[in-house]
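Hi everyone, thanks for making time this morning. Let me put the structure up on the screen, and then we'll walk through it together.

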Amino acid sequence: MAFYYAPMEGITLYPLRNIHKDKFGQEMDKYFTPFLTAAKNYHFKKREQRDVLPEYSTSFCDVSNEIVPQLMANQAEIFIWAAKKISALGYNEVNLNMGCPAATVVNRHKGSGLLEDPDILDRMLYDIFDTVDKENLGFKVSLKTRLGLMDVSETPRLMEVLASYPASELTIHARVRSDFYKGEPRLDTFCQAVRIYRENDGKADICYNGSISTVSDYTRIKEYLDKELPDVDISYMIGRGLVENPALVREICGGEPLGAKELKDYLDKLYAGYEGYIPEERNVIFKMLEHWAFLHVHFKDCDKQLKAIRKARSKGEYLAAVNNIFSSCEFT
């Protein structure tokens with residue numbers, strides 16, 4: 001069993017990866033980058049390419065195996081071009097995004113838009129894995145998917161397709177695209193998907209993703225999956241839960257719960273990390289506000305203090321507001 005930090009657009013950038021790895025990463029096995037878009041003009045956006053340059057991963061001893069770049073593509077030849085570029089940087093694994101539910105992505109037949117037509121997906125995957133094999137490219141291709149685009153009736157056919165290819169790992173977000181991130185994860189369909197995948201000779205390692213925000217969430221989901229899939233070794237990918245509680249995996253593994261002092265230190269370092277990544281002070285604050293959308297749950301009766309954080313328009317105002325919420329609100 002392993003634990004992964006899920007790819008989250010605009011969140012799991014190298015400043016966060018470095019700081020989280022340094023402070024809370026002892027039990028973490030992999031960090032997935034936000035997706036890099038493999039464009040038709042065979043060109044990465046400069047900011048996306050910068051995020052995966054190994055020299056910026058200063059907290060990692062084994063960048064090649066601890067960080068997995070995720071690619072967004074809808075054509076095999078473009079994915080292969082992008083994967084070669086990533087592999088040339090020293091990475092041993094690339095991940096194909098088949099799960100992003102954003103309309104702007106799906107409408108371009110990328111992300112979970114790839115799930116709309118299993119036959120087209122089948123041909124794309126055939127070309128990808130055939131090229132990797134014939135050209136002996138030497139990197140692993142893992143897949144991250146959902147249970148379908150609109151309905152769980154799509155799951156069996158999707159798993160039959162995926163089982164045909166030698167992916168190194170298959171991560172399944174236990175929802176369909178139309179669920180987005182709402183409602184309870186579909187644990188029964190996840191188990192059905194894994195069974196169908198194995199029955200069709202799918203050999204990839206299996207990873208679960210979806211709605212693990214607390215230790216009790218993890219315990220409940222793991223107990224269910226262990227009961228239904230006793231012979232399957234399952235890893236766990238967590239995204240929003242780790243933004244809300246950076247110490248969540250440590251707690252899952254029996255360690256100490258998140259403390260106020262270490263969260264404050266984490267946020268101070270994160271701000272400094274974003275200062276080196278984002279040129280404008282205002283945009284650094286906006287980036288921190290993305291974290292506060294999750295972190296405010298640790299403070300009781302904090303509406304007034306949280307409002308001050310959200311209204312901050314300078315570094316001084318932001319830091320003063322953060323100091324105030326820690327000093328005046330009960331931490332839970």
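Predicted model: local features only at pLDDT ≥ 70, side-chain atom pairs only at ≥ 80, totals over all residues.

Now the overall build. The protein chain has 15 helices and 10 strands, and its C-alpha trace spans about 60 × 45 × 35 Å along the principal axes. How does the radius of gyration fit a compact globule of 332 residues? Such a globule would come out near 20 Å, and the protein chain has 20 Å, so the two agree. Of the 332 residues, 54% are buried. And if you take contacts between residues at least 6 apart in sequence, 73% of them join residues at least 24 apart.

Let's zoom in on one residue, Glu93. You'll find Glu93 in strand E6, which covers residues 93–98. Is Glu93 buried or exposed? Its relative accessibility is 4%, and because the cut-off for buried is under 20%, Glu93 counts as buried.

What does the Glu93 side chain make polar contacts with? One partner is the side chain of Lys30, at 2.8 Å. Another is the side chain of Ser142, at 2.6 Å. Leaving aside residues up to four places away in sequence, Glu93 also touches others, including Phe32, Val68, Pro69, Lys140 and Ser168.

That's my tour, so over to you for questions.

Terms used. Residues numbered from 1 in each chain as written. Heavy atoms only, no water. Helix = DSSP H or I, 4+ residues; strand = E, 2+ residues; numbered from the N terminus. Rg over C-alpha atoms; globule rule 2.2 N^0.38 Å. Buried < 20%, exposed > 50% of the residue type's maximum accessible area, 1.4 Å probe, protein only. Contact = heavy atoms within 4.5 Å. Polar contact = N/O pair within 3.5 Å; in protein donor to acceptor, adjacent residues only side chain to side chain.
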